[in-house]
Amino acid sequence: MADEKGRYSNAFTATMAGIADLFRKQKNVVVLSDDDVITGKNILITGASSGLGFEAAVQLARRGAHVYMACRSGIPEKGEKVMQLTGNRNVVMLPVDLSDIESIRKLVGQLKEAAVKIDVLIENAAVVPSGSRKTRQGIEEMFMVNYLSKFLLTRWLLDNNLFNTDGGSIPRIIFVSSESHRNPKAFDWDGFGKYKEYSMGKTVELYGYYKLLMTTYANELARRLNPAGQHRYSIFALCPGPVNSNIARESPAIFKPLLKIVFGIFFRSPKVAVQPVVYFAASSDVKDKTIDYLFLMSRKEMDAKATDVENGKKVWRLSEELLNQHGVVFQKSFPPRI
């Protein structure tokens with residue numbers, strides 16, 4: 001959609017675009033019903049200690065889920081808070097640093113040891129750093145947390161048979177994306193995964209690019225997990241719109257007072273913004289879908305670059321090759337759908 005390009009190229013235009021979207025009349029609106037309960041379902045949420053992830057934990061616990069909160073901080077107090085707010089004692093906190101390959105490996109190991117079978121995976125965690133930083137493995141942090149960790153976690157869960165497919169059950173994998181996935185003009189295939197220095201001025205642009213990688217991966221995952229017209233997994237992506245959270249905590253100190261005012265007045269609270277996440281996790285309306293995308297609570301087509309089959313194959317291949325360089329070898333193969 002050509003008219004959407006450039007809306008998320010810097011912090012100012014991204015903020016204004018988010019505010020404008022909230023006042024725009026929505027089409028193809030979906031409805032989250034109070035009757036959509038998920039009693040006893042195991043839900044794993046990344047980045048669940050604050051913002052959208054924490055609110056997802058609260059609302060899904062209220063609907064009867066067994067909630068596994070994968071977090072870098074807030075242990076155990078955030079889990080205790082969810083139990084206090086919901087009366088649901090089936091809340092478990094799991095430590096993970098999504099910038100660290102070995103930490104993700106340990107998380108998967110914990111789930112395997114506990115024999116947990118995941119019904120719904122919510123890939124929510126994201127960072128907006130003040131500039132480039134290297135992870136423990138030398139990968140650029142925002143690329144790792146906002147995209148590559150999602151690829152790695154889902155593949156390792158699949159490798160270890162940790163999704164619940166018993167009795168024809170269809171697991172749901174939900175990616176918290178962004179409308180900013182439409183902003184990049186093209187993929188940087190030659191620079192895929194290569195560490196590059198950048199400052200705050202480049203952060204918003206890269207944030208949208210990594211959301212494009214993730215959304216492209218979501219489409220490719222749906223194709224590979226559902227071969228020959230079968231429906232084995234449901235893959236969903238969504239943009240919650242502008243959320244009043246702490247994701248901009250690394251912005252320059254001089255701008256923080258202004259951002260706090262703008263976020264407080266114009267951005268939606270996590271309690272409201274989390275609706276599309278809860279809808280995809282709990283609604284019976286999407287039980288027959290292999291892939292779907294919501295912007296706010298409206299169904300919408302994803303950017304054509306993200307749905308392109310060849311782009312999907314390339315993102316998959318390059319991600320595997322990059323992780324192979326860091327000693328990650330996947331046991332299961334999921335051939336591309338012809």
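Two strands pair if DSSP finds at least two bridges between them. Helices (H or I, at least four residues) and strands (E, at least two) are DSSP runs, numbered from the N terminus.

Now the model. It is predicted, so local features need pLDDT of at least 70 and side-chain atom pairs count only at pLDDT 80 or more, while totals for chains, interfaces and linings use all residues. Residues are numbered from 1 along each chain as its sequence is written, and side-chain values use heavy atoms, with hydrogens and water left out.

I start with the sheet. Eight strands form an open sheet with mixed pairing, in the order β3-β2-β1-β4-β5-β6-β7-β8. Its edge strands, β3 (91-95) and β8 (298-299), each pair on one side only.

Next, strand β1, residues 42-46. How many of its five residues are buried? Five of the five are, so β1 is largely enclosed by the rest of the structure. Buried means under 20% relative accessible area, exposed over 50%, and partly exposed in between, with a 1.4 Å probe and protein chains only. In a regular strand the side chains alternate between the two faces of the sheet. Here N42, L44 and T46 point one way from β1, and I43 and I45 the other way.

β1 runs parallel to β2 (residues 66-71), joined by five bridges. The partner of N42 in β2 is H66. Between the two strands the chain passes through helix α2 (residues 51-62), and this β-α-β crossover is right-handed. That term means that, with the strands pointing away from the viewer, the path from the first strand over the helix to the second runs clockwise.

β1 also pairs with β4 (residues 120-123), again parallel, over three bridges. In that pair, I45 stands opposite I122. β4 in turn is joined to β5 (residues 172-176) by four bridges, and these two run parallel. V120 stands opposite R172 in β5.

Last, some backbone details. Most residues other than glycine have a negative phi, and most peptide bonds are trans. The bond between I75 and P76 is cis, with omega about 0°, and P76 lies in the loop between β2 and α3 (77-86).
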